[in-house]
Amino acid sequence: QVYPGATWNMPTAAPAGGWSQEKLKLADAYASAAKSDAYLVVHQGRLVHAYGDISKPMNLASIRKSVLSVLYGIYVDRGTIDLNQTLAELDITDKGGLSDVERSATVRQLMQARSGVYHDAAYETPNAKKLRPDRGSRAPGQRWYYNNWDFNALGTIFQRRTGKNVFEALNSELAIPLQFQDFRYPKDTELEYERSSDHPAYVMHLSARDLARIGLLVSRDGQWNDRQIVSPAWLRESTTSYSAAGGGNGYGYMWWIPHLAFPSWRLSVNQLVFADGFGGQFMLIDRVRDIVVVHRVDNSRLWYKRNTVDAGQFAELAALIISAAPAR
């Protein structure tokens, strides 16, 4: 198997491995019309196509949660984190306190976005704030709800259990062994606090090609060259769907599991894994064909919110990309 070294060689004019250059040009044209800033395609460890600036670190938005899922797996494998522990056992609370029922939620339920803790959270979109259920309306495990409180509290739990904050672990457990090219630690990380909650959001800035290394790690069952970074067992568990999440997707441990969302691509159950961030940040991983697609919109620009790329547009782009792939 091929892995990138310290630098990931840019593709030549003619993509390797039987990819259609003409069809990839159609994908480029679509990306240009949608005002994508960058996307890339990795196949069997080789960067076969790139569009735009794949070297610029950009805010991952909610893809940060899928990255945290990988970091959790590393420490679950080591026995440092127990997914069955409750918030009460971990002494996790928040401003104004949590009820006994809320504190009975487990780490696993937070990872599944099924905690039932509907406390105000940092770094939520206005729509998420509007749709948040009432406090106490569901017990832990009863309902799936895409909940920033769960995801942010997981950052706090991670630091308490491992002795490292999320960014320190990102650097030591992923950036260094996977040889990120563009990540600047700690410059490309920041905590976002809000008065409503004690638990900050852990904001990460990664380039498309550095994020693709994480995608390749997942595609390869946690193996990187001769080192097992995270176990295949964890990746199977974390990318199993535990909830129907709408839009043709299921939801695992902070990963989306496409069932019907990419009809042009889907070939077998649980073949695809998907990470999604607000404003056009996407990563699609095909673990059977060993393909990683990363898409970025530069959310550092003031006008980007008026010109985001949505999941439907990314699905159209993905259809054009897979039509350019070599026959199986």
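This is a predicted model: local features need pLDDT of at least 70, side-chain atom pairs count only at pLDDT 80 or more; totals for chains, interfaces and linings use all residues.
Me: A charge sits over a ring if NZ of Lys or CZ of Arg is within 6 Å of the ring centre and within 35 degrees of the ring normal. Which residue lies over the face of Tyr75?

Reply: That's Arg78, at 4.8 Å from the centre of the Tyr75 ring. Residues are numbered from 1 along each chain as its sequence is written, and side-chain values use heavy atoms, with hydrogens and water left out.

Me: How many helices and strands does the protein have?

Reply: Look for DSSP runs, numbered from the N terminus: helices are H or I, at least four residues, and strands are E, at least two. Here you get nine helices and 13 strands. The C-alpha trace spans about 60 × 40 × 40 Å along its principal axes.

Me: And how do I read a pair of aromatic rings?

Reply: You give the distance of the centres and the angle of the planes. Rings of Phe, Tyr and Trp (its six-membered ring) pair if their centres lie within 6.5 Å; planes under 30 degrees apart are stacked, over 60 edge-to-face, and the rest tilted. This structure holds 21 such pairs. Take Phe282 and Phe314: their centres are 4.8 Å apart and their planes at 20 degrees, so they're stacked. Phe282 belongs to strand β12 (residues 281-286) and Phe314 to helix α9 (residues 311-323), so the pair ties together parts 32 residues apart in sequence. Elsewhere, ring pairs join Trp144, Tyr146, Phe151, Tyr251 and Trp256 into a cluster.

Me: Is Phe314 buried or exposed?

Reply: Buried means under 20% relative accessible area, exposed over 50%, partly exposed in between (1.4 Å probe, protein chains only). Phe314 is buried at 0%, and Phe282 is buried at 2%. For a contrast, Lys187, in the loop between α6 (166-175) and β4 (189-194), is exposed at 62%. Of the 328 residues of the protein, 58% count as buried.

Me: What is the volume of the largest pocket?

Reply: About 1000 Å³. Of the 37 residues lining this pocket, Ser62, Thr125, Tyr146, Gly277 and Phe278 are the closest to its centre. On a 1 Å grid over the protein atoms alone, a pocket is an open set of points with protein on both sides within 12 Å along at least five of seven lines, while a cavity is a set where a 1.4 Å probe fits but cannot get out; lining residues have an atom within 4 Å of a point. Points are joined across faces, edges and corners, and the volume is the space filled by probe spheres set on them. Helix α4 gives the most to the lining of the largest pocket, with four residues.

Me: What about the second largest pocket?

Reply: That one has about 230 Å³. It is lined by 15 residues, and the closest to its centre are Gly155, Thr156, Gln159, Tyr193 and Pro200. Helix α5 contributes the most here, with five residues.

Me: Which residues line the largest cavity?

Reply: Ser62, Lys65, Ser66, Tyr146, Tyr251, Met254, Trp256 and Asp276. That cavity has a volume of about 30 Å³.
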